[in-house]
Amino acid sequence: MASSPEQSTATIRQVLRLAAGRQSLLVPIDAVREILELGSLTQVPQAPALLRGVMNLRGAVVPVIDLAARCGLPPCQIGRRSAIVVVEVPGDEVQAQFVAGLLVDAVYEVIDAVVERIEPVPTLGVELPAAFLVGMLRLDSGYAAWLSLDQLLAPAQLSDLIGSASVAT
């Protein structure tokens with residue numbers, strides 16, 4: 001069976017579909033290091049709701065960010081489908097790579113996404129900050145928001161948020 005010219009020139013990226021609250025979200029699979037069952041987390045005193053704690057990942061201390069809270073939604077309610085998606089993004093001048101765990105309500109599937117089909121973020125009707133989104137992708141079940149992990153997990157901004165919360169308390 002021959003492929004159509006449109007299929008042969010399309011850029012395909014694999015993305016992981018997950019949920020934070022009622023939001024269907026996508027993250028590039030090449031940023032995902034692993035997906036873990038929710039285990040014990042060490043609480044960080046005076047931390048904001050977005051920092052659920054830290055975990056030991058083969059000897060490295062990894063912050064666990066509540067994805068829903070980071071996006072301005074109510075914090076994740078721990079359930080049987082909750083998971084930690086460990087991602088790696090470009091860091092800053094202090095560290096070349098930043099590794100964090102994202103606490104999510106559910107992990108669903110890996111999807112082959114056609115990059116050319118990403119639609120702009122609408123100005124109305126999206127509960128997530130536009131700065132955290134690359135765009136929207138239409139799926140059979142509706143739309144999913146494609147997250148910009150570089151913006152969502154910018155180390156300097158996260159440090160400022162966590163630092164200002166501990167000073168405020």
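## A buried aspartate in a predicted chain

Asp66 is buried, with a relative accessible area of 0%. Buried means under 20% relative accessible area, exposed means over 50%, and partly exposed lies in between, with a 1.4 Å probe and protein chains only. This is a predicted model, where local features need pLDDT of at least 70, side-chain atom pairs count only at pLDDT 80 or more, and totals for chains, interfaces and linings use all residues. Residues are numbered from 1 along each chain as its sequence is written, and side-chain values use heavy atoms, with hydrogens and water left out.

**Around Asp66.** Asp66 sits in strand β5, residues 60-66. Helices (H or I, at least four residues) and strands (E, at least two) are DSSP runs, numbered from the N terminus. The Asp66 side chain makes two polar contacts to backbone nitrogens, listed below. A polar contact is a pair of N or O atoms within 3.5 Å; within protein, one must be able to donate a hydrogen and the other to accept it, and residues adjacent in sequence count only if both atoms are side-chain atoms.

| Side chain | Backbone nitrogen | Distance |
|---|---|---|
| Asp66 | Ala69 | 3.1 Å |
| Asp66 | Cys76 | 2.9 Å |

Leaving out residues up to four places away in sequence, Asp66 touches Ala49, Leu50, Arg52, Pro75, Cys76 and Leu103. Contact here means heavy atoms within 4.5 Å.

**Two positive phi angles.** Gln46 is not a glycine, yet its phi is positive, about 60°. Gln46 belongs to the loop between β3 (32-37) and β4 (51-57). Its relative accessibility is 49%, so Gln46 counts as partly exposed. Arg58 is not a glycine either, and has a positive phi of about 50°. The loop between β4 and β5 holds Arg58. At 63% relative accessibility, Arg58 counts as exposed.

**The whole chain.** The chain has 4 helices and 10 strands. Their order along the sequence is α-β-β-β-β-β-α-β-β-β-β-β-α-α. The C-alpha trace spans about 60 × 40 × 40 Å along its principal axes. Of the 169 residues, 42% are buried. Take the contacts between residues at least 6 apart in sequence: 56% of them join residues at least 24 apart.

**Charge.** The chain carries 11 positive and 17 negative side chains, and the centres of the two sets lie 7 Å apart. Lys and Arg count as positive, Asp and Glu as negative; His and the chain ends are not counted. Each charge is placed at NZ of Lys, CZ of Arg, CG of Asp or CD of Glu.
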